[in-house]
Amino acid sequence: MEKKGALIVISGFSGAGKGTLVKRLLSDYDRFALSISMTTRAPREGEEDGREYFFVSRETFEKTIAENGLLEHAEYCGNYYGTPKAYVESKLSEGVDVILEIEVQGAFQIKKIFPEAVLFFVTPPSAKILEERLRGRGTESDEVIRKRLLRADEEAELMEQYDYVLVNDSLEECIKDAVSYIDAAKATPLRNKDFINQLKEELDSFSKGV
Ligand code: 5GP
């Protein structure tokens, strides 16, 4: 069966609990690696360069795009975000499952380049809970919260194009579901083309030999 790692895209409304879900997947399972994105957004309190993001200037970001160093990139609420290419490609070839925590435009760019990528959309159980979580985080101004809710409204339209929806009601359930969907996705014919082709060749020569 397929030896290459799976590319896992996790999107969801800001405040849906994606970050917590991703942290738990990384701490509970050895098989996952997280891609660290590059962004032009300013670091929030407690964030470190090279841990949450690579925080760069617009100029550096644009230079990286020009050098073809990003797998995908998008603009979100006035800032650029993008996935550095080299890390993802090397981890996948080592057989590690790579997680990208990215927004919808980036997710669809990834699906175009890697049709076998597994796309998850994480959502809280209701809009009211989403708003409460955003306010409860206490790191964003009212204006930023309003922008993020407007953005959520737009993103909801695109949820249907994902492979799986994860309702983050209970975090433990959400983690279990994510892992079992990833395992199921790994067994689809689309993700096992090399194995299937090899098997077909073997069967072909067997059937000719009898
Ligand atoms: P935040 O500013 O809250 O850290 O992130 C804002 C949004 O950008 C989130 O939806 C996050 O998933 C998304 N994001 C983070 N990194 C990337 C990236 O590399 N590419 C894209 N397309 N989106 C990203």
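Keep in mind that the model is predicted.

Let's start with strand β8, which covers residues 118–123. Of its 6 residues, 6 are buried, so the rest of the structure largely encloses this strand. In a regular strand, side chains alternate between the two faces of the sheet. You can check both sides here: V118, F120 and V122 sit on one face of β8, L119, F121 and T123 sit on the other, and all of them are buried. So both faces of the strand are covered, with each residue under the 20% relative accessible area that counts as buried.

What does β8 pair with? Strand β1, residues 7–12, pairs with β8 in the parallel sense, over 5 bridges. To find that pairing in the viewer, look for I8, which stands opposite V118 in β8. Strand β9, residues 164–167, also runs parallel to β8, and 4 bridges join the two. Here the spot to look for is V122, which stands opposite L166 in β9.

Now for the backbone torsions. Most residues other than glycine have a negative phi. N68 has a positive one, near 65°. You'll find N68 in the loop between α2 (58–66) and β5 (70–76). With a relative accessible area of 51%, N68 is exposed.

C77 also has a positive phi, near 45°, and is not a glycine either. C77 lies in the loop between β5 and β6 (79–84). Its relative accessible area is 26%, so C77 counts as partly exposed.

Definitions and conventions: Residues are numbered from 1 along each chain as its sequence is written. This is a predicted model: local features need pLDDT of at least 70, side-chain atom pairs count only at pLDDT 80 or more; totals for chains, interfaces and linings use all residues. Side-chain values use heavy atoms; hydrogens and water are left out. Buried means under 20% relative accessible area, exposed over 50%, partly exposed in between (1.4 Å probe, protein chains only). Two strands pair if DSSP finds at least two bridges between them.
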